[in-house]
Amino acid sequence: MSKMTMVQALNLALRQEMTQDDRVIVLGEDVGVDGGVFRVTDGLIEAFGESRVVDTPLAESAIAGMSIGMAVYGLKPVCEMQFDGFSYYTLHQIEGHASRLRWRSQGRYQVPMVLRAPYGGGVRALEHHSESREAFWAHIPGLKMVIPSGPRNARALLVSAIRDPDPVIFYEPKAVYRAFREEVPEEEETLPIGRSQRVREGGDLTLIAYGAMMRPTLEAAEELKRRHGAEADVIDLLTISPLDDSLLVESARKTGRVAVVHEAPRSFRPVAEVVARLVEKAFYHLEAPVARVTGYDVVIPLFSREKHYLPGVARIVDAARNLLSAP
Amino acid sequence: MPKTRITLPDSVDHLSILDEHGQVDTDLDPTIESPLLLRMHRTMLLARRFDERLLSLQRQGRIGTFPPISGQEAAHLGAVAPLRASDWVVPAFREMAAELWRGRSLESIIIYNNGFSEGSRIPAERNDLPISVPVGSQILHAVGIAWGMKYRATDDVAMTFFGDGATSQGDFHEGLNFAGVFQLPVVFVCQNNQWAISIPRSKQTRSKTLAQKALAYGIPGIQVDGNDILAVYVAAQEAVERARAGGGATLIECVTYRVAVHTTADDPKRYRTDAEVEEWRRKDPITRFQGYLTARGLLNPDAVKTEEEAIAAEIQTAVARAEEEMKALGDPLLMFEHAYAEMPADLKEQRADFVRFWSAAQKEEKLV
């Protein structure tokens, strides 16, 4: 065990998977010599050579399209998008092909590729470097959309994503990259894709979040306890799609009061699906309307105003108090 | 600093071996062995007759919309003929003769075009991708497959097809660029059939040829008479051999013509003249090839007649078999299959929801 940042933990996952499986190929812009702009692939080219850590020309659609071909051929490409804001060039390749080739070939081919992209705000970046567009990918059947929240689950989920027979979009909360360290075991560790986790136990209300929003959500839970005597059940989605609703439903039935937290804009985003599942499966247990603590339906502001856009502890606590005071 | 001139390649070859009357340029004749020539002829003829039959099936409402290939047989069949089974073909959607050559069954084409996904299943012995509809997007998959071939140190080759319209897409340029940078064993075959639905070749690009686009990416490009199967074969063979030997990618522009509709939902009278179509009909790839084969003593009118009869019977059998097979298809539950390797819990719920509704609806139907 050693204490690692998320960047180091992701690097460990790549390194170990590449060591034990020569089908795993890392490719993308600046992933080789430069080690990736966030250094997630640091040192891999020295360890595995140019044939397995591939600096590509600057063309996101081609990185995704080539990865599809590599995956169909039997390799396991892990391609990096430098920022989520540039990953939409790949939307056509992912929607039109990566997610469909299993179906189109009626099971003959599969596309076991991983598309990694740093997402989200909070790092004082330029335009196109702070979005949270996970819903784009979650809208696509045949695809899996995974978002870890800390170093340990990031490592375990990336290993699972690489081994998964289906294409996986792996969004990395860049605000968490170096924000804190966690013990990450050297020995192999995986987490099942398509399973959410309860990360705090409580009976008064339910807070559902994922990715970079887990930290303010957990801090809010502590504040609710400290200052308002309320115990929150906190659930980390981990996989956005396919969505595992078993814990969400169980928790909502228990507490009857639910807030969903994400930094993506409010409308047509993961919160909508969470609410729909709760309405279908926990409607008669709900004591209050489900609260949405989210970004707004605008372009995420440049960093001087970013803190007003991103949900933080105070907004989560505010929403929770409204839930708790509902009759 | 002086203004200097950088010398670049500024020309591409145009290759033509059989003229419009089937006269061969003996210096360029690849003298392909006769069994292969006859097999190419049979596949061309089969593809043409099957295409015509598909059109009539469509007009009778027995299959859905499909993209006819008539007139383009040489331009794609000649390209795949030099390939071996371990090579990969990544088609667009108008290369039916090449698909037949690679082992696709007539039945599967009928079944697919009648709206059953079962028809796009690729059997284990074929290393090809299913057809790809979004124009040009498949080019990148061939590049990735070729990347894998190079990584695995095989001497296999990936060949991909696309039309003149695709050369305006970003994925085309990105694909050629990546293949050039990584020196990949891939052959890009452009079916320049002059029309992207209603947009003529002249409105796709200001470039004089499509083949010259290769030069910008540092790979060879060649333009061939796409209605001359010998020219297509020779260019493809050279490209395939270069790729096998580690010499990288090639772009081949086959100049051909779509004599039929874009798809059966298209009306070409809105954008082109009958005279233009007639002019191209006179350059028909099959009659030209037959002229050559006849001159070489490999074909005569009786042999053609026998071949035509055998092909008609083969198509008839395939249509009957496919229509019989389709009676057993149509289980709606198949739509839930092949989305994921393992069906997720929420999709299982949706499937169960459908099953509940469906069985109740069927019971009700029986009562009525």
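**Notes on the two-chain model**

1. The strands involved are E10 (residues 205–209) and E11 (residues 232–236) of chain A, which run parallel and are joined by 5 bridges. Two strands are taken to pair if DSSP finds at least two bridges between them. Helices (H or I, at least four residues) and strands (E, at least two) are DSSP runs, numbered from the N terminus.

2. Before going further, the ground rules. This is a predicted model, where local features need pLDDT of at least 70 and side-chain atom pairs count only at pLDDT 80 or more, while totals for chains, interfaces and linings use all residues. Residues are numbered from 1 along each chain as its sequence is written, and chains are lettered from A and ligands numbered from 1 in the order in which they are written.

3. On confidence, the model comes with ipTM 0.96 and pTM 0.97. For chain B the average pLDDT (the predictor's confidence in each residue, from 0 to 100) is 96, with 100% of the residues scoring at least 70.

4. Back to the sheet in chain A. It is open, has 5 strands in the order E9-E11-E10-E13-E14, and its pairing is mixed. Strands E9 (197–200) and E14 (291–294) of chain A are at the edges with a single partner strand each, so one side of each has no neighbour in the sheet. From one strand to the next, the twist averages 25°; axes are lines fitted to C-alpha atoms, for helices over the stretch in contact, and angles run from 0 to 180 degrees between N-to-C directions.

5. What lies on that sheet? Helix H10 (residues 270–282) of chain A lies across E10, E13 (258–262) and E14 of chain A, at about 160° to E13(A). Helix H12 (residues 313–325) of chain A packs on the sheet too, touching E10, E11, E13 and E14 of chain A and making about 175° with the direction of E14(A).

6. Chain A is split into domain 1 (2–184) and domain 2 (197–325), with bounds from an automatic or database domain assignment. Their C-alpha centres are 26 Å apart. Contact here (C-beta atoms, placed from the backbone, within 7 Å) links 25 residues of domain 1 of chain A with 22 residues of domain 2 of chain A.

7. Now the chain interface: 37 residues of chain A are in contact with 33 residues of chain B. On the chain B side, helices H5 (139–151), H6 (170–182) and H13 (345–367) of chain B give two or more residues. H5(B) contributes the most, with 9 residues.

8. Buried or exposed: which is helix H2 (residues 73–80) of chain B? With 8 of its 8 residues buried, H2(B) is largely enclosed by the rest of the structure; Glu73(B) and His76(B) are among them. A residue is buried if 20 or more other C-beta atoms lie within 10 Å of its own, exposed if 12 or fewer, and partly exposed in between, with C-beta atoms placed from the backbone. Glu278(B), by contrast, counts as exposed because it has 10 C-beta neighbours inside 10 Å. Glu278(B) belongs to helix H10 (residues 274–281) of chain B.

Key: Two residues are in contact if their C-beta atoms, placed from the backbone, lie within 7 Å.
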